[in-house]
Amino acid sequence: MTFDSAVLLAIALSYLGLLFLLAEATERGWIPARIARHPWVGALSLGVYASTWSYYGSVGFAGSEGYSYLTIYLGVTLACLLVPVVWLPVLRLSREHQLASLADLFAFRYRSAQVGVAVTLFLLAGSLPYLAQQIRAVAASVHLLTGRGSPAFLGLAFCLLIAAFAVMFGARHVTAREKHAGLVMAIAFESVVKLVALLSVGAFALFGVFDGPAGLAAWLRAHPEAVEELYRPVRDGPWGSLLLVSFAAAFLLPRQYHMAFTEAHDERSLRTAAWLFPLFLLLLNLSIPIILWAGRAEYPGGDADAYVLTITLHGGSAWMTVFIFLGGVSAASAMIIVSVLALASMCMNHLIVRRRPAGDTDLYAFLRWTRRLLVVVILLAAYGLFLVIGENQRLVELGLVSFVAVAQFLPGLFGVLFWRRASGRSVLLGLVAGIGCWLLFAVAPLLVRSRYLGAGFDLPALLGVPALHSLSFATFASLGSNALVMGWLSLRLTPSAEEMAMARVCIDAGEPLPTGRLEVDSPEDFTRALAPVLGPDVAAREVARALADTELAADESHPAELRRLRDQLQRNLSGLLGPIAAEGIVDAGLRLDQGAGSVGEKMRALELVASTGRRQDLAAELDQVRRYLRDVLEDLPVGVCAVGPDEDVVLWNRALAEITGVADSVTGSALARLPPPWGSILDAFARDPAGARKLTAPRAGGDDGRFQLRKSRLAGAFGEAPAGQVILVEDLTERASLEAKLEHHERLALIGQLAASVAHEVGNPLAAIASVAQNLQSEQRDADVVQRLQLIRDQVERIGGIVKAMVVYSRAGTSATLSPASRFSLGEAVDEAVSLVRLDPRGRVHVIHNRCGGGLHLYGDRTRIIQVFINLLHNACDASPEEEAIEVRARPGGDRALIEIVDHGAGVAAEVRHRIFEPFFTTKEAGKGTGLGLSLVYNIVRDHEGTLEVDSRSGKGTTIRLSLPLEAG
Amino acid sequence: MSSRSRALAWLGFGAAVLVLASPLKLLWARPVMGWMAPFLIWLALILLGAWLGRSRGRDDL
């Protein structure tokens, strides 16, 4: 049975058309997202691993190496067991930092453009022969089915179709953050097609060739060597090295990395792939021994690589043959499409982008079209290699050589995920050593066998390595030298701070710690700074996208948030241009003040790590201590401001926020840029050599307060010196007021003691004078002398009154003079005081209104409280013009009575207002007051735990406000 | 991902390496075990991975 090549081409075209349709339907949302994003779809898309090598070549591989062919898939199974510790961390890094390829990952971790270039070139070199092999397999299958047709033409036609699909569905988006759901769906579909096709061949072999399981068993009994041949290489062959290289290939091959990490929607796909992907491979390989035996039974001596097709071609129906052919097309096309896209992305980011001239060109269009061009160029390069290689090599040989090349990235990946000391230089030199050995021990012997090189280049053979173990020798020599060079250099070289920071990001799943302060102030500045490199439109779109990602406002100005915006922008640009170009662009446009070690930002990053639940690597106890210390600082009753070495605010505690009215969100801001006046005050104090200062400044409420500033320099935090300083801001306003009151009380007490002493000392001689004057008066008859003696007695009596008042004052407030406390009506007490005041001629000329009502009852010494009102009303009468009304009013205020005595008299001048409670201070004319009335009032009120305030305006009157305790209950 | 999950993954991997890459493979890589023995071993490893995955899933909740 033969086919017309045009028919086969049309069938292949139709199949690819179906793929186009499926991908387009997925992209347009015609296929529901719950199907398109189902974990099974993602897991099955990893079936791209099975290329024509698996589809056609496995039978040939099994024919020559027995069950060793299974190692190519058992290694994958081993890798899948490590999904949680290898695959998922790589996925997390790829997603968070938008790393589209292995080259991006290595360049990101090792902060090295050279590493990125090396990985790209090595993967390109390792993949091109493998791609060429796929083209050859399809061309050969067409040739086999048609019996004619130019392989070169068939290969070219196939390449062009594949290029069209890859360009349309794989290079649609320019950034790694946008997934190609259509591509994933199409690749998953292709996995199913090749699985069903290969199972169909197996079923045909079993039932069509052997007449069922019984027939197969009979054939095996007749040919016991068939099973023995399969098992022998397991014991003697390169089993271990094949397991190792396929373990690496499971996730390091460009197409595997692309489907597993770049196009993955979420972790669920990989968790599902951990069992579904190996199961898919098992089913795919289950029929390989049967096909091999069927081929040997039917076509002994035939090319085992072609058994999949020849069995059905000669024994099956035309439709089945076409279907099997499509399975091969499917295996080849999926592998080529994904590999080429992954390689194009790497070439773009590490070979092209950095050479792009900056300017106003549309960056997105440039990236899109260059990537498409790269797809075509890589495909043409693979096609060119296919023409060169021709029929020289077996499918399996080229595949294995590629696998050994890919395994060279294992040591580097170990450094990415597990080893902090691994540095860019050590990885690069390790790779060079490994690839050098790969060229010498794997590629050169291949070229010798292909007759492109002389036998002298087959070093393994020259070293006496048996041909059977040639691959093992190449694998362990290249991988060993690679790992040794990398390990030795990593131990000898000290990684840079940047590499250590990235190691923390990759290994500890931490956030990159910021290393300086941003020199721009707003997102608008971001756009302006990036416009010269990205172009104004792209810069604006990227800044807007980063703002949306970080949920920041367009007018954000907080330094810490702007820093976060910068990080997000760098990540987004990494997905667009690769990590090295993104870092270069962001560093150039959005410079950081590297001299400033922003401790505040570091603390903020640590807080972020803690708040995002990535504390698994932090000791819980350490975290508790950190929180405790933070709470202590936050709740201190003194304002605390910690300032980093670059004078940015590291800590701004709650008390300081309350004192200054500046919110604690200023953390991360420069001290001098805080709102006035505290920004300038603290900035000046931070620069002041003096360690303490007292000053008056506005408080949060607007009124002036008295403050004490102290500071202390910090040293050693975070291993940097100096580490800034801590400033304490103590609000002295209340304390100053209390100190003034205390001083006043002490002065009053001193005067009281003085008054008591004076009264005591003056009283006795005064009594003697009065007595002598009285005696003399009774003995004298001279009227003039008697009158003069009376004058002496009057003046002595007056002095006696003053002395008596002093004694009363001096004793006021002592418990000895207090009457027992009782409940009494405030209104009645005021009435009684008014009645007594009216006995005095000064009291009769005024109208005194008692508006206290009868509802309020005080608890205290009623007599002394009445004395308070008498004294205050006397003063009010003295200060008020005649007939002017005086008012006494009261209202409850909590557990107190708030009493006001209001007059509209002369008032008290401001300059003497603070002295009116001092004893003997009076503003009345001489002889009209002792200056003890208000002092007495003050003492009595204080004894009742009351308060006394004077609100007076000169010429407008005075209001005395009393607060006295109400009776409880 | 808890450290227990990671430990389980490494344990599973170690067990699989032991079965596939150590001299233990000679126990099953014999014609008397039948031609399907490698596939059954393979299936057992897949089931082990799935079981560990389920354990991890519960552990991570």
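Trainee: Why are α7(A) and α8(A) called roughly antiparallel to each other?

Mentor: In this predicted model, the axes of helix α7 (residues 102-110) and helix α8 (residues 113-146) of chain A cross at roughly 160 degrees. Angles over 145 count as roughly antiparallel, and α7(A) and α8(A) are therefore described in that way. Their axes come within 8 Å, and the crossing of α7(A) and α8(A) is right-handed.

Trainee: Which residues of α7(A) and α8(A) meet?

Mentor: From α7(A) these are A:Leu102, A:Ala103, A:Phe106, A:Ala107 and A:Tyr110. They meet A:Ala113, A:Val115, A:Gly116, A:Val119, A:Thr120 and A:Leu123 of α8(A). By class, this contact has 9 nonpolar, 2 polar and no charged residues.

Trainee: What makes A:Leu286 partly exposed?

Mentor: A:Leu286 has 16 other C-beta atoms within 10 Å. A residue is buried at 20 or more and exposed at 12 or fewer; the value for A:Leu286 falls in between, and the residue is therefore partly exposed. A:Leu286 is found in helix α15 (residues 267-286) of chain A.

Trainee: What does A:Leu286 touch, leaving aside residues up to four places away in sequence?

Mentor: A:Leu286 touches A:Gly202 and B:Phe39.

Trainee: How do you know that the span of helix α10 of chain A is close to the expected one?

Mentor: Helix α10 (residues 181-209) of chain A has 29 residues, and at 1.5 Å a residue a span of 42 Å is expected. From its first C-alpha to its last, α10(A) reaches 41 Å, which is close to that value. Just after α10(A), A:Asp211 takes a positive phi of about 60 degrees.

Trainee: What makes the pattern of chain B α-α-α?

Mentor: The secondary structure of chain B comes to 3 helices and 0 strands, and the pattern read along the sequence is accordingly α-α-α. Of the 61 residues in chain B, 28% are buried.

Notes. Residues numbered from 1 in each chain as written. Chains lettered and ligands numbered in written order. Predicted model: local features only at pLDDT ≥ 70, side-chain atom pairs only at ≥ 80, totals over all residues. Helix = DSSP H or I, 4+ residues; strand = E, 2+ residues; numbered from the N terminus. Expected span 1.5 Å × (residues − 1). Axes fitted to C-alpha atoms, helices over the stretch in contact; angles between N-to-C directions. Parallel < 35°, antiparallel > 145°, perpendicular 65-115°, else oblique. Left-handed = near helix turned anticlockwise from the far one by under 90°. Contact = placed C-beta atoms within 7 Å. Nonpolar A, V, L, I, M, F, W, Y, C, P; charged D, E, K, R; others polar.
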